Amino acid sequence: MSPLLSVRDLRVRFRTMGPLKALATGVRQPFIDAVCGVSFELRKGETLGLVGESGSGKSTVARAIMGLRPPTSGSIAFEGQEITGLSPAERKLYLRRMAMMFQDPIGSLSPRLTVRSLLMEPFHIHGMKDRDAATEADRLLGLVGLPADFGRRYPHQLSGGQARRVGVARALALDPNLIVADEPTAGLDVSVQGEVLNLLARLQDQLGIAILIITHNLNVVRHITDRMAIMYLGRFVEVGPTEHIFRQPRHPYTEALLSANPEPDPDAVIDRIEIKGEVPSLLKRPSGCEFHTRCRYAREMCAKVFPEPSQSGSDPAHSFKCHFPLEGRWQRAERSLVSPTV
Amino acid sequence: MMPGVINQHSSGAPLLRVRGLDLDFGSPRGRVHALRGVSLDVSAGEVVGIVGESGSGKSTLAYTLMGLLAENAEVTGGEILFEGRDLLRMAPAARRDLLGNRLSMIFQDPMTGLNPVRTIERQMIDAQHHQPGSRREKRDRAVAMLARVGIPDPQSRIGGYPHEFSGGMRQRICIAMALLVRPALLIADEPTTALDATLEVQIIHLLKDLQKEIGCSILFVSHHLGTVAELCDQVAVMYAGEVIEHGPVRDIFRNPAHPYTRALLECDPGRIRQKTRLLPTIPGEVPGLVGSQRGCIFRQRCGYAFAPCADERPAEYSVGAAQGARCHLLAPTSGVPA
């Protein structure tokens with residue numbers, strides 16, 4: 001079966017200054033590549049997590065898929081059809097079947113519309129006159145577990161978790177096959193975070209939706225994704241089944257990210273790998289392996305030669321870009337958590 | 001730097017002692033009781049964490065200690081003893097003198113904590129207005145402090161403006177500024193929430209090291225259980241304006257006594273070892289804080305609520321040596337196993 005979404009060598013470039021200024025200041029390449037040759041596939045009913053620090057290009061990938069930012073090169077195929085370079089009218093047909101949840105739960109809802117109007121909006125935009133938008137709005141509220149009288153509320157009357165649910169309901173309105181969720185739980189409390197993620201998981205089981213989830217929260221990725229990809233400076237440095245990567249990260253950056261995850265346990269003896277410095281500027285990409293400036297295993301070769309993707313052992317699904325991949329089982333100090341007894 | 005200042009307050013009492021603090025916000029719908037009977041101790045040289053969800057009053061408490069509340073806020077009861085003096089009954093000028101001197105604060109957003117139109121140099125020299133010394137000496141101290149918090153090339157970078165630094169660097173500058181005056185107590189309001197996980201770890205380690213060097217106490221406000229577990233010695237758990245449980249960090253994380261603390265810990269996906277599709281949640285919502293509250297504040301969401309919970313506000317019962325929780329289940333006579 002062909003994948004639902006297939007992204008090949010996606011590249012998104014932003015201009016950093018006008019052509020005149022570039023000429024005047026002698027900058028030959030007034031561009032930054034926010035996304036630099038990203039390829040992945042997403043099958044029906046699958047969840048893929050995109051992980052990385054701020055500025056790694058995760059949100060830009062999402063925006064390119066949704067057509068909010070035209071890619072500079074590369075291909076994005078949805079249900080077997082190329083969707084880059086389509087006119088807005090042609091694109092609209094596909095946007096019915098893919099939906100996006102934006103980062104800011106309240107900010108992504110128009111403050112002047114009631115929840116009901118917000119939920120009816122997708123039907124109006126896509127001219128679905130065959131469906132009664134008002135009944136659909138009620139159905140959607142029920143689907144995400146909000147009482148029907150919430151339809152009369154305005155976004156400012158919602159809590160963060162409730163606004164998130166409205167965001168999920170809006171994304172589900174047109175029965176999409178793909179949901180792109182950009183930081184769906186950022187800014188939510190842990191108790192509410194669980195609710196939103198459980199809701200997504202339940203709907204995925206019921207409706208068979210594929211989810212592309214963008215997050216920097218590794219604990220979330222571990223529990224809800226099937227596969228994960230780690231991004232650094234606009235490239236995937238490691239991609240593979242979530243379980244494998246948590247058990248045996250091959251790229252030093254992945255290892256550092258995993259160990260940077262503070263454990264909610266005061267006795268956790270963590271062999272912490274503190275990653276030095278900050279993400280380099282996209283204006284000055286390091287030579288060779290782009291992570292070598294912060295890598296604790298970097299050798300001479302790393303600064304010179306760009307690492308090609310290689311596969312992890314027998315598993316072709318797990319690939320990484322590193323000259324000296326990590327070997328041996330990576331372990332965070334295991335210990336018995338005393339489960340709270342009641 | 002200034003011998004004797006750190007030990008100025010050397011009686012046995014803790015550095016900061018909050019007792020029965022009540023605080024209301026006036027609103028068109030009535031008075032919002034944002035803090036109700038909050039008691040808290042911070043001993044010298046100790047890191048105390050305040051955890052809670054949004055709306056639990058943890059930031060309000062931090063702002064009350066600093067005296068940075070909005071105009072519609074009113075403290076209706078209690079006392080805040082800092083180095084033996086009650087901040088609430090102090091002359092405003094005397095209280096102001098403590099800020100940026102004995103008491104410092106780091107804010108959640110490192111950009112709003114800095115003045116965007118002044119250089120770092122100017123701001124860091126201004127921050128030392130309580131300190132003796134010439135401008136030159138103050139600048140040297142600022143440069144040394146920037147080097148200490150890991151700003152590369154501080155001699156030249158000190159002349160820069162806040163927007164020329166990245167988020168992580170700005171938070172380092174905020175920390176440098178707050179600790180430059182060697183305060184007795186540093187109040188940190190979610191200092192790592194706006195940062196990536198890798199930077200979060202760097203900042204937590206930096207705070208931990210500097211706290212040891214300077215010997216100050218830290219009141220660390222956070223909703224992130226992982227960072228609290230890593231940094232703090234003592235923890236107070238807040239819910240809907242009350243401290244419902246407090247104790248040493250190990251006891252709180254290993255042996256939580258209050259049902260809310262237990263639920264909160266269970267919700268954290270980082271604590272769940274086995275991969276799970278469905279994550280635990282706390283059903284229901286934080287109660288509205290307008291008007292008076294009867295009984296236990298957590299009872300609507302509590303799986304163990306029984307008769308007394310609806311009528312009586314639970315007293316604080318001690319659990320173990322230093323841990324205490326407000327829950328009727330812990331009453332010696334309730335007969336219900338906790």
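Colleague: How many residues of chain B are in contact with chain A?

Modeller: Contact means that the C-beta atoms of two residues, placed from the backbone, lie within 7 Å. Here 42 residues of chain B are in contact with 35 residues of chain A. This is a predicted model: local features need pLDDT of at least 70, side-chain atom pairs count only at pLDDT 80 or more, and totals for chains, interfaces and linings use all residues. Residues are numbered from 1 along each chain as its sequence is written, and chains are lettered from A and ligands numbered from 1 in the order in which they are written.

Colleague: Which helix supplies the largest share of the side of chain B that touches chain A?

Modeller: Helices (H or I, at least four residues) and strands (E, at least two) are DSSP runs, numbered from the N terminus. Helix 7 of chain B gives the largest share, 7 residues.

Colleague: Now the sheet. In what order do the strands of chain A stand?

Modeller: Strands of a sheet pair through backbone hydrogen bonds, either parallel or antiparallel. Two strands pair if DSSP finds at least two bridges between them. In chain A, 8 strands form an open sheet in the order 6-7-8-3-9-10-12-11. The pairing is mixed.

Colleague: Which strands stand at the edges?

Modeller: Strand 6 (98-101) and strand 11 (310-312) of chain A. Each has a single partner strand, so one side of each lacks a neighbour in the sheet.

Colleague: How do strand 3 and strand 8 of chain A run, parallel or antiparallel?

Modeller: Parallel, joined by 5 bridges. A:Gly49 stands opposite A:Ile213 in strand 8 of chain A.
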